[in-house]
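Dear colleague,

I am passing on a structure for you to look at alongside its sequence. Please open both before reading the notes that follow.

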Amino acid sequence: MKKILALLMLVSAVCLSGCASNQLATDLKQAEESSNELEMVQQQPEVEPKFIASSEDERVKLYAIQESKGEIEGVTVDIEGRQQNFDWSVPNTGTDMNPQVFYTDLTGDGREEAVIIIQTGKGTGLDHFDMHVIRAEDFSVIKVQQYEEIVADQIESHVTANEDGTLAITVKVQGQEHQFNSNVELTPNSNQNELAFGGVVIYALENQRIISRLGASIGTSPQYVCDFKVTYTFDHVKNEFVADQIEIGTYE
């Protein structure tokens with residue numbers, strides 16, 4: 001009996017020793033693999049974000065998050081060293097125009113806002129921009145009233161054909177009526193009875209105020225007959241930039 005117990009104890013010791021050895025080997029292998037992976041990560045160079053544009057004083061910078069075939073999806077806005085990501089797109093419009101970046105006080109509170117203007121469309125009868133205004137202290141976006149809302153609320157137009165083939169156009173802007181004729185011809189069977197908008201929407205800054213130029217067109221292949229210069233003001237109650245003055249300019 002004693003011999004049997006001694007044998008069992010010997011077998012158990014051998015098993016335990018073998019199991020411990022196997023576990024130790026496994027641990028050493030895993031540690032080596034982890035060390036190799038860490039070394040590979042450390043050896044990989046850091047990818048610098050692609051710089052796009054900056055304000056004149058370089059206090060605001062714009063970087064691309066991801067780019068493919070010239071199309072940028074997502075940007076990083078850097079304001080004096082602090083950064084925030086936005087899901088804005090910078091499409092490849094076939095031009096060399098980079099986004100425009102400004103750092104100026106547009107709200108009149110004595111503090112600068114970051115302003116980014118991005119060209120989003122360019123082609124025959126097409127010139128389109130987006131504008132973004134960001135508060136520097138918290139990266140909140142201040143809304144800029146879109147052209148659709150401005151046209152719906154403040155611009156009325158009516159188009160009729162004259163007997164001589166020209167068009168009689170009546171435009172009412174902020175209560176003031178304007179009438180003029182245009183040599184642009186309507187396409188056959190066209191039922192367009194008002195001006196069309198959306199092909200040309202251009203933003204800019206002028207004397208620390210936002211302005212936009214809206215092209216007004218006739219026909220499915222747009223022919224522009226006039227444009228509207230919109231000057232914005234900051235509405236403190238709505239907390240957004242809204243149309244203040246609208247001027248019409250006709251084409252000869």
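Residues are numbered from 1 along each chain as its sequence is written, and side-chain values use heavy atoms, with hydrogens and water left out.

Strand S11 covers residues 167-173 and is joined to S10 by seven bridges, the two strands running antiparallel (strands are DSSP runs of E with at least two residues, numbered from the N terminus). Together with S12 they make an open sheet of three strands, in the order S10-S11-S12 and with antiparallel pairing (two strands pair if DSSP finds at least two bridges between them). Because S10 (155-161) and S12 (176-182) stand at the edges and have a single partner strand each, one side of each is left without a neighbour in the sheet.

Elsewhere in the chain, S1 and S2, the latter at residues 60-64, pair in the antiparallel sense over four bridges, and the partner of Phe51 in S2 is Tyr63. These two strands form a hairpin with five residues between them, and in its turn Glu58 has a positive phi of about 65°.

The largest pocket is lined by 18 residues, and Val90, Pro91, Thr95, Met97 and Asn98 are the ones nearest its centre (a pocket is an open set of points on a 1 Å grid over the protein atoms alone, where a 1.4 Å probe fits, with protein on both sides within 12 Å along at least five of seven lines; lining residues have an atom within 4 Å of a point). Both S1 (50-54) and S7 (113-123) supply at least two residues of this lining, and the largest share, three residues, comes from S1. By class, the lining has eight nonpolar, seven polar and three charged residues (Ala, Val, Leu, Ile, Met, Phe, Trp, Tyr, Cys and Pro count as nonpolar, Asp, Glu, Lys and Arg as charged, and the others, Gly among them, as polar).

How confident is the predictor? The protein chain averages a pLDDT of 85, and 80% of the residues score at least 70 (pLDDT is the predictor's confidence in each residue, from 0 to 100). Over residues 1-8, however, pLDDT stays under 50, and the model has zero contacts beyond four places in sequence for them (contact means heavy atoms within 4.5 Å); residues 10-17 likewise stay under 50, with zero such contacts. Where pLDDT is low, the predicted coordinates should not be read in detail.

With best wishes
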